[in-house]
Structures are given as C-alpha cells and as structure tokens.
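This report is meant for a reader who is meeting the structure for the first time.

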Amino acid sequence: MSILTLKGVSQQFGGLRAVDDVDLAVEPGEIVGLIGPNGAGKTTLVNLVTGVYKPTSGSIEFDGQRIDGLKPYQISRLGVARTYQVVQPFPEMTVLENVMAPATFAAGAKSVAEARDEAMSAIEFLGLAPQKDVLAAELTLAGRKRLELAKSLAMKPKVLLLDEVNAGLNPAEIDVALEMIRAIAARGVTIILIEHLMKVVMNLCSRIVVLHHGAKIAEGLPLEITRDERVIKAYLGNRYAEANPGGKANG
Amino acid sequence: MVPAAIEPTRYSMLYAQILLNGLVLGGLYACIAVGFSLVWGVLNVINILHGSFVVLGSYIAYFAYVHLGIHPFLSVILAGGALFALGYVVQAGLINRVVGAPVLTTLVLTFGLDLILNNGMIVAFTADYRTVQLAHPLGSTVVGGLVLPLDRLVAMLLACVLTVILYFVLVRSSIGRAIVAVRMDREAAALMGVNVKRIYAITFGLGALMAGAAGSLLSLIFPISPLNGSEFLGIAFIVCVLGGLGSISGAIVGGLALGAIQSFGALLIGPQHGLTIAFVLLIILLIFKPTGIMGRRGYE
Amino acid sequence: MTVRPIYVLAALLLVAFLPLVGDNYVLRLGTMFAMYAVLAQSWNIIGGYAGYPSFATAAFFGLGAYAGAILQGNGLPMPLAWLAAGIVAGLFAALMGAAILHLKGHYFAIASLVLAEVLLEVTTSWTSLTGGGMGLNLPVIRMSVEAQAQLFFWAMLGLAVLTFLMSWYVSSSRIGFALRCIRQNEDASSMVGVNTTFYKVVAFVLSALFVGSAGALYASWVFYIEPPDVYSVLTSVKPIVMVMLGGAGTVAGPVIGAAAFLVMEEVVWRNFLSIHSAVLGLLIVALIFFLPNGVLGFIRKRKRTGADHSKETAA
C-alpha cells in the first residue's frame, strides 16, 4: 500500500493554478525525485502535503488517513517532516535545543530527558555533536542545512520532504549531504526530494516526477525521464539547461 | 398626525443630511489619517505621536489667528511647514536609530516621545479647551433642503485638496518616487542610490505635515486641547484599518466610511457612542479582514 | 547577567516583612511594587516569551477591577471576588485571543490596544451595571486604616508570588519551550509539531489571569474606580517598559524591572509633579537608546539574525 497518495490535487491562488490536478502515489521506502523548472509548483506541493495550504480540490492520504485540511502541527505529529528551501532554525537556541523542539512536540517525548536523548541521537547521526551547544544563528550554511535534517529526523518521520537541501552548498558539501540522505533512507524513511541538481536526482532517486506549470507531465525511472520528450521540451529544453547539459538546470 | 405620504421624504432628507455631515467629517478624518498611513506603510512604524502632531497644528492655527489674525485656512501652510521640520528632526535624530528594531521598540519609543510632547503642550498651553472664534464666519446655507455648514465644508474640501496634492507628490516628484521605491523594496532602493535614512526622515516629515495641516483645519471645528491627541490617534488607527494600510485611496475611503459610520451610529445609539461602533467594527475587521475594505496595498 | 529565580523568590518573600519596618507610605509603595510585579510578569508571558506585542494589559486590569467591584457589591466575599475577577479576565483573554492572535506585529498590537478602548466604552455606557462615567464605589471594609494597608499589601504580594511561580513554571515547561519557538520562528514551530494557536492562547490567558485579580484587588484597595482610571493606556505600556528595563523572556527580569520602574516613577512624581509624564517619556526614550542590556541588547540579537540572512544569500 502507498504511504502517501495524492488524488487530483489542485491549488488555486487567485487566477493562478499553482498545482493542477496532480496524482501521485509514493511507496514506503522509496526516494522520489520531484523536479521541474522554477515556478512549476514543487514547493506549493510540499506546502499542500504538510498542511500549510489546504488544497482547492483533490485529496491527500497519508498512511491510510486523509490529511488534507489538517493543520501543519497535526500532520507533523503523524510523521510527515520537511525541510525548507530557506533554512528555518530557531536562531537564538542552541543546536541541541533546536532538535529538542521536534522531539518534544512532533515526536511527543514524555520528558525533557527523553527529548534530549532523542535529539542527541539525531544530532550524532548527522555528525553535529561537536556543535550541539552552538547557537543556530552562528552555524555555517552547510551546518544549518544539517541542523534542518537533524530537526526533521528527530520528528521520527515516515515521510520526509526535502526542499532543495543542497541549494547553496559547494560540491564537497553536496557529497556529504548525499551520503546523509542515503543514510536516512536506509533507516526506512520514505523521501521526496525536490532538487535542481540533476546529478543528485540521478544518483539518489528510484523514481522521478516532473512538474510543469503545476501539472505532472512525466513520471518514471531516471533514465526514462531524461529521454522523455515533454520533459526535454519543458525543462531540459530551456536555454540555460542546453548550455549545461546534465548540469545545474537553473538556479 | 403626520400624513403618511410625507414620512418617507422626511426620513430620506434626514438620512441625506446625516450622510452629508458624515462625509464632511470623513474628509477631515482622511486628512488626519493619510500621514499616519504613509509613515506606517513606508517605515513600518506606528507613530503614536500623530495625534499630538494634529493638536500642535491646531494650536499653531489658533495662535496665528488670535495674535496675527491669520485665518486657519491659511495657517495650513504655517502649521504644515513647522510640523514637517519637527517630524524630520524627530525621525533623523531618534527614530532612524531604531527603525529596523522589533515592532515593540518603535511603538514604545514613539509613545515615550508622545508623553513628552503632550505633557509639553499641557504645560505650555494648559489642558483647557480653546476654540477659534472667527470674526467673519461663513455660516451655513441650505441647498435642496440640506443644511451646508460652509466653514466645515471648505475645511473638508481643503483637506481633500491636500490629500490629492500628497498623492501627486508621491506619484510625480522624484522624492515621492523614491519614497514609493523604499516602501516597495528598501534594499533595492538603497542599491539604486536612494539615501534610505533621508527618505525615512522626509516621509516622517510629510506625515507630520499632513497632521499639522489637518490640525489647523480642525481648529475651526473641534475644541483644541492636548487631551484630544489620543482621540485623533484612534481615528487615524481606525481609518487605516478600515481603508487598508498605506494607500492614499484607502485613507480616503476609510475616512469617509468612518465619518458615515460615526454619524449614523450617533443617530442609532446616541451621539456619545459614535466612536464605540467604530472601535467594535475595527476589531471585527482586524479579525476577519486585516487588509481593510479595499484589500490592497501600495500607492495605486 | 542572569539572576537565579530562587533569589528573586527569596527577595519577594523578604518584602513580606515590610510592615514591620515601614509606615503606611512604605506599605503603599510595597503594594504598588507587588501590583507592578504582577503586571510585568504577566505581560512577559505573551510579550517576552511568545514575542507578541500585546497592549491588552489595561483591558484585563480594568475588566478585573469592574468584575471584582460588581461581584463584591453583590455580596461576594472579597477574596472570592478577586479570584472570580481573574477567571473573568482569563475567559475574556481566551475568547479574544482565539480571535486576534492570528494577527502579527502592528496589527496585533492595535487589536490588543483596542480591546481596552472597547471595554472602556462599554463600561462607560452600561450605567445600570457599572455606574458609567460616574464610577463605582466599593463596599466599606470595617477595619482600621493600618490593618487595611497591611491586608492589601500582603494580598497583592501574595498575588505577585503566585504570578512569579506561574512564570517560573512556564519558563521550564513545555509551554515556555513552545513559546520561545513561536517567538523565534512561528512557521517553523508548527512544522516541528507545535500547536501554535493553542500555545498562543494559553500565553494570552496566562497574561490575563493574574492581571484580572490584580485589578480587582486594586479596586478593593482604592474603594472607588472609574473607567478612564482602570482602562488607562498607561496600564498597558508601563509593564512593557518594566520588562524592557529588566530583560524580556526571563523569570527574574520583570520583577527587577518592576522595582526599578517604581523607584524611578516615585522619584519623578515627588520632584516633577506637573511634568511627570514628560519625564516618564524621557525615561522611556533614554531606556531605548542608552540601556545596553535592555532594549538595545534585544535589537542587537535581532540584527545578528538579519545579518545571517544576508550571509546566506551571498553564499
């Protein structure tokens, strides 16, 4: 059974149809890549799944339960975690406190000690232990991206939506991040990866979904997608991508 | 017993008169609020001083009339100029230093400054209510059964003219365009060479200018006392929320709406509660539609 | 500088011995201090921890004062009237909070400010219940002046201690943690499972309960209340200044700020009666510009996060 199912999901903002009649089924343990040009509706889709917006029409099921219309905090407690394109730490808290927040509220730790233990295991898993007492505002960008991952891991998610976790990182940092995402997936977490870097998507994903103008235009194995004519037209076909085949599509 | 046929006309005349009174008041309210709205929109500062600025404008008009015989309609220039200078100095010297601080800091700072200005006015002018008694009032005239209070009407028209002038200053002049640019995107404006701090000071000065001008027009209509400052501030709040923040058309719509609401409210539940209805309405609007009736932002 | 909460509690309890050393004037000051401590600590919950610029303190205070006075007038014993007044204010905060806490920044500030205005107008108009603009007298207490002064001092101090215990509990509990998350990043809070609406309403209610009781106690203390007195906007602004003075979002700060503010206010009242509000204004302006650990420390922190954002775009 699919862990996450979207049926005919649409989101209308005034005259703009940001997400248009999208069907999607994600199986447990998959790493699904979600790609598309800027403005294709990827982040809006994440916002729909995590409850920031309520879909204008359609339904979203998670683990056999309707979740469209639930509040973000309710969805996060069910086991859907996300990271933001622009990292969102609690700047005046330490790394440990930052990770304790999801352990306390989303994962429902019974005590401060339990929350601290949960948080520490997520911090150690991501190699942040040396910085656990540093204020989040003082971390480097790569550090804050890692903190973001630690926070979502501490929610004990079943599904993790990663919204451009690699944006702004240098190639060495990206390689580290790739390893981390693999390690998280190996723990049995289903991952939906929004990504601009084709290298990352091709490397990690078992399946790729392409959005264009809010609609799903293609879905399949990475190799199939690169050969799909509609995708090439819509996405790889843009001038910038032609100039950098297989590289950074846009920024 | 009054013949039934006359009743509807009598009532519609009454309503028309109330609406007219409300709109005349509303035009003045718009003039009070437009400067407040400008400062809020551009600086993201709620200027608690605004009410006292209006009162100060009234005092300038009062003393200009009593000592120099200058008609309050002309003092608009005097009061506007003086208040612009005061506003510019206050912003450049004080508020600019905390302009990016959390909401609470600027609110408390302007509150503190208001305590100083308001107390200063009480010491200088006493809290007694004063009125401008014109030697040659225009009186009132009756047109089509409606009583037109001419002094108020002219004051209201002048208020509208001032508001329209402000609109053209913002849209046409280079300073105005810089203000609008800073409002839209501070960083981009700074990159384009706009001196943001100076624009802030000018904007605050313009806000004070409009308050001062409104104050001298109001000196003909309301008794003058420092104690009225908070009421003018409340009016500015309500108009901004009613009409939507930061647009001149919003201030006009909000002002006229408040004037009408207050007049009809006074008819329905007594003159002392006109403002109560407006406050209750304000809460309801804030809860359901914080962008105001117009629901737009900017200087369209 | 951090002050451990236990020292503040000890200091508060020490103040309880004031009647042994002071005359009625000192007791009046002590009562005022306790009242200010209640207001400042309460505001700190919504303003300091949750970071919502609330100007609703006067609404809670005035509502509590009138609820207490009316209930006492109808024969309810004084302590029960104080308790009931707190509950009335808390319920009012729960209702209004649910309605206005979705507003942010200036809009929330205005909405909370207007609450007091509306209550002021309603209280003034509802003459049959509240006495309207004429004000309301409270039942006479058969006690010597000295005994009364001591009674109200201890009662208000007891309330301040209760508020302190509440504030201490909040700081180390889930509630405080949730509120600090909300202050630093409300959207991210809901993403890590914080029910932001619930915790904001809890914070608003906690910032009202004890203020409502303090209002009722104040009414009993001064025998006579009128709308402009108990709904004064200054009642909303003073606690903010106290918390800024002492340090927002801490347990000890508001109590220290309340004491410091009272001292300044008393000096100003005694020496500059006719310009006392201008001097208060000067103090506020000076506080914002010159007190490094007060407001400016707060701003500097904000600026640091701002600088980080620009670092990120540059990366």
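A salt bridge is counted here when a side-chain nitrogen of Lys or Arg lies within 4 Å of a carboxyl oxygen of Asp or Glu. In this predicted model, the side chains of Arg180(C) and Glu97(A) form such a bridge, with 3.6 Å from N to O. The rule finds two salt bridges across the interface of chain C and chain A, and the count of residue pairs in polar contact between these chains, both at pLDDT 80 or more, is ten.

On the side of chain C that touches chain A, at least two residues each come from α9 (174-184), α10 (186-191) and α16 (292-314) of chain C. Of these, α9(C) gives the most, with seven residues. Sorted by class, that side of chain C holds nine nonpolar, seven polar and nine charged residues. The contact as a whole takes 25 residues from chain C and 31 residues from chain A, and it buries an area of about 2600 Å², of which 59% is given by carbon and sulfur atoms.

**The sheets of chain A**

Chain A has an open sheet of six strands, ordered β6-β7-β8-β3-β9-β10, in which the pairing is mixed. Because β6 (80-83) and β10 (215-220) of chain A stand at the edges with a single partner strand each, one side of each is left without a neighbour in the sheet. From one strand to the next, the twist averages 20°.

| Strand pair | Sense | Bridges | Residues opposite each other |
|---|---|---|---|
| β3(A), residues 31-35, and β8(A), residues 190-194 | parallel | four | Gly33(A) and Leu193(A) |
| β1(A), residues 4-13, and β2(A) | antiparallel | seven | Gln11(A) and Val19(A) |

**Helices across the sheets**

Helix α1 (residues 42-49) of chain A lies across β3, β6, β7 (159-163), β8 and β9 (207-212) of chain A, where α1(A) runs at about 145° to β6(A). Helix α6 (residues 171-186) of chain A, for its part, lies across β3, β7 and β8 of chain A and runs at about 150° to β8(A).

Terms used. Residues numbered from 1 in each chain as written. Chains lettered and ligands numbered in written order. Predicted model: local features only at pLDDT ≥ 70, side-chain atom pairs only at ≥ 80, totals over all residues. Heavy atoms only, no water. Contact = heavy atoms within 4.5 Å. Buried area = accessible area lost by both parts, 1.4 Å probe. Polar contact = N/O pair within 3.5 Å; in protein donor to acceptor, adjacent residues only side chain to side chain. Nonpolar A, V, L, I, M, F, W, Y, C, P; charged D, E, K, R; others polar. Pairing = 2+ DSSP bridges. Axes fitted to C-alpha atoms, helices over the stretch in contact; angles between N-to-C directions.
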